[in-house]
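Okay, thanks everyone, let's get going. I'd like to walk through a few spots in this model, beginning with the charged pairs. Have a look at it first.

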Amino acid sequence: MDIRAVTLLVASLSLVGCASVDVAPAPRQGTIPATSGGASGYQHGGRGSLFVLGEHVKRVSEYGYLKEVGDEGALAIKASNGSAFCIPNANVSSLESGPYGGSPEDHDRFVRDYFIRIGVPTEQIGRVRTMTLLEVSGRSDEATKPKPEIKAYYSVLQRAVYGISVPDSFAWARVNNAGRVVEEAVYWPALSGEVVSGARRLSEALSDPTRRSELVSRVPRGIGDGEVAIRHASAWVDSRFEAFPSFDVIVRSQPVRADVGSTYEKLDRSNDRASPSGTIIVRHFDADGVEFLLPQERRNIGQEGTQRKGDASE
Amino acid sequence: MFQGTRQIFLQVLVLAVSVLEICLTGCQSNGLVVASVNDYSHKYGPGCPMPPCLPNSIANGDGFIKAMTAPGSGWVLKERDVDSQVDDMDFVDAYNMDSINFDQPNTAISYFTGHGTCGPYGATPAQACTSTTQCTNPVPGTTMPGSCKYGPGDNSQCVYLSDRFLFTDSYGDRFGGQVDYSGGRVHWGESQNSGAWAGAGTDGGTNLVVLDISCGVLPTFWLQQLRPAMAGIHLLATIMPVTGDTANVSDRGSAFGGSWAQYPSGSVTQAWLTTMNSIPGSGINGGGCNFVAAFDSTSPRALHKLNEDWNDLKNDGWDAQGTGAYFVRWLCNWAFSQTDQTAFELP
């Protein structure tokens with residue numbers, strides 16, 4: 001065997017797994033019309049986006065997403081519902097640049113204007129929420145704590161229709177100090193007139209404090225007084241799009257009694273003091289006070305095709 | 001003679017390249033272990049939907065599975081346990097415990113979604129403070145060091161170190177259904193690639209642990225609370241509430257797994273952190289952060305892990321070889337403008 005054979009061997013092994021795929025067209029970018037009285041949506045795409053894919057862009061379809069993939073990142077649109085995600089390579093240099101502007105407010109303003117410019121309906125933008133990315137590093141044996149460093153901001157547009165929040169929709173972006181979008185995602189589906197008018201009616205009905213408190217009182221461990229919202233299938237649900245007017249009540253899921261460790265082997269002294277804390281849950285009720293689940297909350301793939309406990313050691 | 005030597009050299013080279021190729025493709029973990037607990041009624045009271053039921057855990061874990069196992073994905077679901085199928089032995093480092101479940105060999109990602117705990121932490125009423133040097137009176141169940149915790153909409157107060165737990169609720173529980181992963185009985189990720197430096201043998205192997213729970217870690221004790229569990233994993237991802245608590249949501253898992261499906265060359269760390277941007281209310285009630293930590297023997301190795309893409313995550317050749325250095329990254333749901341050390345505490 002000579003050097004050419006070695007080269008061929010390496011090349012052939014390296015090519016394992018590469019394949020080309022026929023690609024369906026991505027959904028048309030722009031406004032998604034709604035039925036009468038509804039709220040139009042926005043379909044995101046590459047046009048006008050400040051996200052940089054890099055050179056050698058190719059189109060692929062895989063794992064349920066229609067993608068444009070370049071040297072620096074990818075735009076992936078979920079084929080089933082149009083949710084769009086722009087993701088950079090893990091080590092792309094644009095991630096190393098600091099945040100845009102001199103303050104979180106500058107970043108929020110940039111992102112809000114950017115999304116309005118490319119088609120997100122202005123009147124549906126509620127609050128813009130800033131998220132902050134921090135990082136710290138050091139030696140584990142250092143006595144002094146190193147200072148966390150601000151690496152980036154993310155500005156998240158929160159959707160509202162007639163002042164009613166739509167928390168399952170999102171449009172967010174991270175912009176670096178060169179004014180370049182390094183990550184972004186948008187899911188802003190159209191909402192039907194029926195859903196929007198239903199939510200407005202629910203909101204009006206629950207403006208009556210007596211009715212509102214009566215509904216809240218039916219929910220054990222409810223916190224606060226609840227909120228009327230338009231809820232819809234999330235960006236990760238493949239089935240038919242569904243949306244609902246909802247009275248959302250936050251519940252704290254704390255144990256009713258804490259008899260932890262009373263009949264079991266003790267692991268250590270801390271057994272006597274540990275108990276689950278009150279994780280927060282949002283429960284959804286319709287105008288009649290009947291509880292319902294969102295499509296993403298009904299997800300349960302069951303046991304089919306999975307291994308049972310202990311089988312993996314074979 | 002030279003001709004013969006050259007031939008031997010080439011044959012050795014071919015063998016070396018072949019071994020390297022086999023290792024690059026074979027020293028990979030692609031397994032998924034997902035443990036999801038909705039029902040805590042056995043130990044803690046009424047069944048679902050009454051508290052302390054977590055009605056979204058199974059939907060959350062299943063969302064992760066669904067996103068990761070699309071046709072052709074290459075990920076393999078090794079274990080999906082729900083409710084009472086999940087017991088505390090699955091997580092504890094002992095013979096026939098975690099190594100046949102949460103930390104079994106050839107696992108890339110081990111995901112738990114269920115209850116954690118936020119206490120004990122601070123005093124009631126709060127010990128007000130303006131500096132960490134004032135925090136010298138640990139509350140029951142905690143120890144020094146203290147920290148003058150500072151968060152959004154919060155008055156600064158003293159908090160103290162305590163172990164972190166996840167909770168199970170099964171007839172199979174042997175440790176009260178409480179898994180203390182700060183206390184030295186839990187080690188994740190030990191493998192033949194990492195070596196046995198953590199004192200846990202080499203019978204594990206997961207590369208990423210996700211703890212989708214209340215207060216998986218608390219400010220500012222990430223080193224003390226997480227380092228004991230590190231035995232070779234590349235990354236640990238969890239949630240760090242600061243003034244609130246984790247929300248039990250149905251989509252954190254699918255948002256995380258979906259990020260792989262969207263772009264396998266993207267960052268695993270960023271995928272976890274940015275789930276916050278796409279789920280209602282950021283997935284935390286109040287102020288809090290999504291959190292990822294990477295430990296290794298050296299700083300460059302720890303940084304490499306923090307920046308891994310989904311293909312790197314599978315590569316057991318990068319299993320951690322120590323905990324001497326760390327990188328931690330947060331995405332927090334409020335605007336920081338501080339440039340001093342007051343991100344989470346008043347020094």
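So, this is a predicted model, and a search of the whole structure turns up 18 salt bridges over all chains. I'll pick a few of them.

Start with Glu62(A), which forms a salt bridge with Lys67(A), with the closest N and O atoms 3.0 Å apart. Is each partner buried or exposed? Glu62(A) is partly exposed, at 28% relative accessible area, while Lys67(A) is buried, at 2%.

Next, Lys145(A) and Glu345(B), where the closest N and O atoms are 3.2 Å apart in the salt bridge. Lys145(A) sits in the loop between strand 7 (125–139) and strand 8 (149–161) of chain A, and Glu345(B) is in the segment after strand 13 (325–332) of chain B, so this pair joins two chains. Lys145(A) counts as partly exposed at 32% relative accessibility; Glu345(B) is buried, at 6%.

Now to chain B. Arg252(B) and Asp212(B) meet through their side chains in a salt bridge, 2.6 Å from N to O. What does that pair tie together? Arg252(B) is in helix 5 and Asp212(B) in strand 8 (residues 208–212), both of chain B, so the bridge links parts that are 40 residues apart in sequence. Arg252(B) is buried, with a relative accessible area of 0%, and Asp212(B) is buried too, at 5%. And over in chain A there's a network: Asp168(A), Arg231(A) and Asp248(A) are joined by salt bridges that share partners.

Trp272(B) takes us to the cores. In the largest nonpolar core, which has 56 residues, Ile109(B), Leu208(B), Phe256(B), Trp272(B) and Trp310(B) touch the most other members. Apart from that core lies another, of 50 residues, among them Tyr153(A), Val92(B), Leu211(B) and Trp330(B). As for Leu208(B), its contacts beyond four places in sequence include Ile109(B), Phe256(B), Val268(B) and Leu313(B).

A couple of loops in chain B, then. Asn307(B) is in the loop between helix 8 (299–306) and helix 9 (310–314), and it's buried, at 11%. What does its side chain meet in a polar contact? That would be the side chain of Arg329(B), at 3.2 Å. Leaving out residues within four places in sequence, Asn307(B) also touches Ala90(A) and Asn91(A).

Pro228(B) is in the loop between helix 4 (222–226) and strand 9 (235–241), and counts as partly exposed at 25%. Its C-alpha is 7.1 Å from that of His187(B), although the two are 41 residues apart along the chain. Pro228(B) touches His187(B), and its other contacts beyond four places in sequence include Tyr181(B), Ser182(B) and Leu223(B).

Last stop, chain A as a whole. It has 4 helices and 15 strands, and buried residues make up 49% of its 314 residues. Of the contacts in chain A between residues at least 6 apart in sequence, 60% join residues at least 24 apart. The chain exposes about 15,000 Å², with 51% of that supplied by carbon and sulfur atoms.

One helix to finish: helix 3 (residues 193–205) of chain A spans 18 Å over 13 residues, close to the 18 Å expected. Its buried residues include Val195(A), Val196(A), Ala199(A) and Leu202(A). In an α-helix, residues three or four places apart point the same way, because there are 3.6 residues a turn. Okay, over to you.

Note on methods
Residues are numbered from 1 along each chain as its sequence is written. Chains are lettered from A and ligands numbered from 1 in the order in which they are written. This is a predicted model: local features need pLDDT of at least 70, side-chain atom pairs count only at pLDDT 80 or more; totals for chains, interfaces and linings use all residues. Side-chain values use heavy atoms; hydrogens and water are left out. The expected span of a helix is 1.5 Å times one less than its number of residues. Buried means under 20% relative accessible area, exposed over 50%, partly exposed in between (1.4 Å probe, protein chains only). Contact means heavy atoms within 4.5 Å. Accessible areas come from the Shrake-Rupley method with a 1.4 Å probe; for residues, only the protein chains shown count as cover. A polar contact is a pair of N or O atoms within 3.5 Å; within protein, one must be able to donate a hydrogen and the other to accept it, and residues adjacent in sequence count only if both atoms are side-chain atoms. A nonpolar core is a set of buried Ala, Val, Leu, Ile, Met, Phe, Trp, Tyr and Cys residues joined through side-chain atoms within 4.5 Å. A salt bridge is a side-chain nitrogen of Lys or Arg within 4 Å of a carboxyl oxygen of Asp or Glu.
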